[in-house]
Amino acid sequence: MLNGTEILTTAQMRAIESAAMDSGAVTGLELMERAGAAVVAALLERWPDPGRAFVLCGPGNNGGDGFVIARLLKDRGTEVTTLFLGERDRLSPDAAVNHDRWQQMLGDGDFWLPDPAEDTDLTSPDFEIGSSDVVIDAMLGTGANRPLPSTWANHLSDAVEGGNPVIAVDALSGLDLDSGRYAIDGRERSHIRATLTVTFQRAKVGHKLEEGPDRSGELVVADIGLEQDVRRHFDGPALRHEPVPSIRLTSPALARPLSKSSGHKFDHGHALILAGAAGRGGAARLAARAALRCGAGLVTLACPRDAIAENAASLPDAVMLRPLDEPDDLRKLLADKRINAICAGPGLGVERAATLLPVLAEDARDPKPVTWVGNQKFTFDLPFRAGRPTVLDADALTAGAAQGQAFLQGLHVNTILTPHEGEFARVFPDLGARLKQKHPTLSTLDAVREAADRAKAVILLKGPTTVISANAPRLRGKPPVEAWINPAAGPDAVPWLATAGSGDVLAGIITGILARGLPPLDAAATGAWLHAAAARRFGPGLIADDLPEELPGVFRDLGL
Ligand SMILES: NC(=O)C1=CN([C@@H]2O[C@H](COP(=O)(O)OP(=O)(O)OC[C@H]3O[C@@H](n4cnc5c(N)ncnc54)[C@H](OP(=O)(O)O)[C@@H]3O)[C@@H](O)[C@H]2O)[C@@H](O)CC1
Ligand SMILES: Nc1ncnc2c1ncn2[C@@H]1O[C@H](COP(=O)(O)OP(=O)(O)O)[C@@H](O)[C@H]1O
Ligand SMILES: [K+]
C-alpha cells in the first residue's frame with residue numbers, strides 16, 4: 001500500500017457499487033439507506049437540532065438519497081419540505097421505493113410534487129427555502145452529465161443568499177465529479193457553494209480538482225460499507241497480475257522515507273543546481289537551499305564564473321560552487337557520476353537554458369536493466385529513455401518549448417517537468433489551449449496524464465491544486481499510481497504560497513528528494529506535499545525565502 005489516499009472517478013465508484021451489489025453482499029436499497037443515514041449523521045453533528053429542513057430531490061438516485069434523508073429527519077422531529085425535480089415513473093426502482101415511502105409518510109397536502117415542466121413554481125411548499133435551518137441538495141450526484149438547469153440553480157442560489165447552510169449529497173449539484181468544473185445553464189453564479197458535502201466511501205476526483213474544493217465546502221467521506229469492495233477493485237483478485245492504477249491524494253506519510261537513520265553524506269546524494277548570470281541568481285539559490293534542507297548530502301550550484309562571488313556571499317557554506325560558462329563545462333561536471341539529481345530552470349535564463357538542455361539530453365542513456373528470476377538473468381531493451389533524475393522548471397521549460405519536438409525527445413522517464421499553467425501551455429500548446437477553454441473532455445488531470453504520456457516523463461502542473469502524473473513504467477512491481485493530487489485549495493487553502501520564488505523552492509525540494517534516492521513520481525508528490533506543508537506551518541506573511549527554513553520544522557513535526 002502506497003502512502004496516500006486513493007480517490008475515485010465516477011466510473012470507478014459505479015463499478016465498485018455494482019460489484020458490491022452483484023456479489024449479493026448488499027442491495028442498492030441498503031446502500032441508499034446507508035448513504036442517507038450518513039448524510040443525516042454528519043448534518044446532526046454540525047446542526048444538532050434543525051427545526052426545518054428543505055430537501056431538493058433530483059431525478060436519479062441522488063434524489064433517492066434525498067427521500068431517505070427527508071424521512072430520517074422527519075422521524076426525529078424535523079419539519080421537512082421536499083421539492084422533487086423529477087418524475088416518479090422514471091425513477092430507478094430503489095429511488096422509487098424511497099419516494100413512495102416518503103409519500104406514504106406524509107398526508108396529501110404535505111407532499112409537494114411540482115410538475116417537472118413547471119419546476120420553478122415555488123408557490124405551495126410548506127415553507128420556503130429561506131425559512132429552513134438546513135437545505136439539503138440531493139439534485140444531482142455522480143450521474144450529472146450536463147449543466148445544471150438554471151431554475152434548479154436558483155434554489156441553491158436562494159439558500160446561499162439567505163445564509164442557509166447547504167448540505168450537498170455526494171456533490172454540490174452542477175459539480176462534475178470527474179473534472180471539478182461547475183456548470184450552470186446560463187449565468188455564472190460563483191457564489192453557489194455547499195457548506196458541507198457528504199460523499200461516500202472515497203472522495204471523488206472532482207471534489208479535488210479546479211473548482212471542486214471551493215464549491216464543496218467541508219468534505220466528509222462517509223463509510224457506507226464498501227471498504228472491501230474498494231480494496232478488491234484496486235488490488236484485484238489474487239490471480240490478477242496488474243493491480244488497477246489509482247489516483248491519490250498526497251499525505252504526510254509520503255515524507256517518511258526521508259528519515260535519515262544513518263549513512264555517509266554521499267549516501268544522501270549529490271544535487272546539482274544550474275544557475276544563471278550574475279544579478280539573476282536568486283531563484284537558483286532558493287532551489288539550492290531547499291535541496292540542502294531536504295537532506296541532500298551535497299549540493300553544488302554551477303554558475304557563470306562572474307557570478308561565483310555573488311552566490312558565495314549569499315549561500316550557506318555547505319553549498320559548493322562550480323563555474324559553468326560553456327556547455328562543455330556541464331559535460332565535465334556530469335562526468336562526476338555521484339551527481340544523482342539535477343535542477344535546471346530557476347533563474348537560469350532562457351538563452352543559457354537553450355544551450356544546456358542538449359547536454360542534459362545527451363547525458364540520458366538507454367539502459368538495459370538486468371533482472372533475475374530465480375538464478376536466471378534477463379536483460380531488457382527498454383522502450384523508453386532513462387537518465388539521471390532531473391527537474392526542469394521555469395526558463396528550462398520556456399527554452400524547451402521553443403525547441404519543440406527536439407526537447408520532448410531529449411526527455412526521459414526520470415525527468416520531472418514542473419510547469420505552471422502558462423509554461424504548460426508553452427510546452428503543450430494544444431493541451432494548454434483546451435484547458436483554457438475548459439474543454440469538456442479534457443480535465444486538468446486528463447491534460448497532465450496526456451502530457452506525461454507524450455513526454456514519457458513526470459509532469460507536475462502547479463496551481464492551487466497541483467496535479468502530478470507519470471507514464472514511467474513500474475519495474476519493481478509496485479502498485480501503479482496513475483496520478484497524485486496535492487490540494488491546496490478550499491478547506492486546504494494555502495493562498496500565501498502564491499508568492500514570487502515559491503516555485504523555485506518547489507523545484508529545489510524535489511531535486512533534494514531525488515538526490516535522496518526516491519523514485520521520480522514519488523519525489524514529485526512528496527515535494528508538492530512538503531512545499532504546501534511548509535507554507536501552512538509558516539502561515540500568512542510567507543515569502544519564498546521562508547520556505548526552506550520552515551522544512552526542518554515540518555520534518556520535526558513528522559518525527560523524522
Ligand atoms: N448506485 C448506488 O448504488 C448508490 C448511489 N447513491 C447515490 O446515487 C447517486 C448516483 O445516482 P445516479 O447514477 O442515478 O445519478 P444522479 O446523480 O442521481 O443523476 C442522474 C439523473 O439526473 C439526470 N441528469 C443528469 N444531469 C442532469 C442535469 N444537468 N440536469 C437535469 N438532469 C440531469 C439524469 O438524466 P438523464 O441523463 O438520464 O436524462 C438522471 O435522471 C450518487 O451520487 C449517490 O448520491 C447512493 O445512494 C449510494 C448507492
Ligand atoms: N492560490 C494558490 N494556493 C496554493 N498554492 C499556490 C497558489 N498559487 C500558486 N501556488 C503554488 O505556488 C507555487 C508557484 O510557483 P510558480 O508559478 O512557479 O511561481 P514562481 O515563478 O513565482 O516561483 C506553485 O508551487 C503553486 O502550486
Ligand atoms: K447533490
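Helices, here DSSP runs of H or I with at least four residues, and strands, runs of E with at least two, are numbered from the N terminus. The model is predicted, so local features need a pLDDT of at least 70 and side-chain atom pairs count only at pLDDT 80 or more, while totals for chains, interfaces and linings use all residues. Residues are numbered from 1 along each chain as its sequence is written, and chains are lettered from A and ligands numbered from 1 in the order in which they are written.

The protein chain holds 20 helices and 19 strands. Of its 560 residues, 50% count as buried, that is, with 20 or more other C-beta atoms, placed from the backbone, within 10 Å of their own. Among contacts (C-beta atoms within 7 Å) between residues at least 6 apart in sequence, 76% join residues at least 24 apart.

Turning to ligand 1, 26 residues surround the molecule, and the closest are G60, N61, N62, G141 and G143; a residue is near when its C-beta atom lies within 6 Å. Helix 2 (28-46) and helix 3 (61-75) each supply at least two residues of this shell, with helix 3 giving the most, 5 residues. By class, the shell has 11 nonpolar, 11 polar and 4 charged residues, where Asp, Glu, Lys and Arg count as charged, Ala, Val, Leu, Ile, Met, Phe, Trp, Tyr, Cys and Pro as nonpolar, and the others, Gly among them, as polar.

As for confidence, the mean pLDDT (per residue, from 0 to 100) of the protein chain is 90, and 88% of its residues reach 70 or more. Over residues 117-125, however, the pLDDT is below 50, although this stretch has 10 contacts in the model beyond near neighbours in sequence. Where pLDDT is low, predicted coordinates should not be read in detail. For the complex, the predictor gives an ipTM of 0.97 and a pTM of 0.93.

How values were computed
A residue is buried if 20 or more other C-beta atoms lie within 10 Å of its own, exposed if 12 or fewer, and partly exposed in between; C-beta atoms are placed from the backbone. Two residues are in contact if their C-beta atoms, placed from the backbone, lie within 7 Å. pLDDT is the predictor's confidence in each residue, from 0 to 100.
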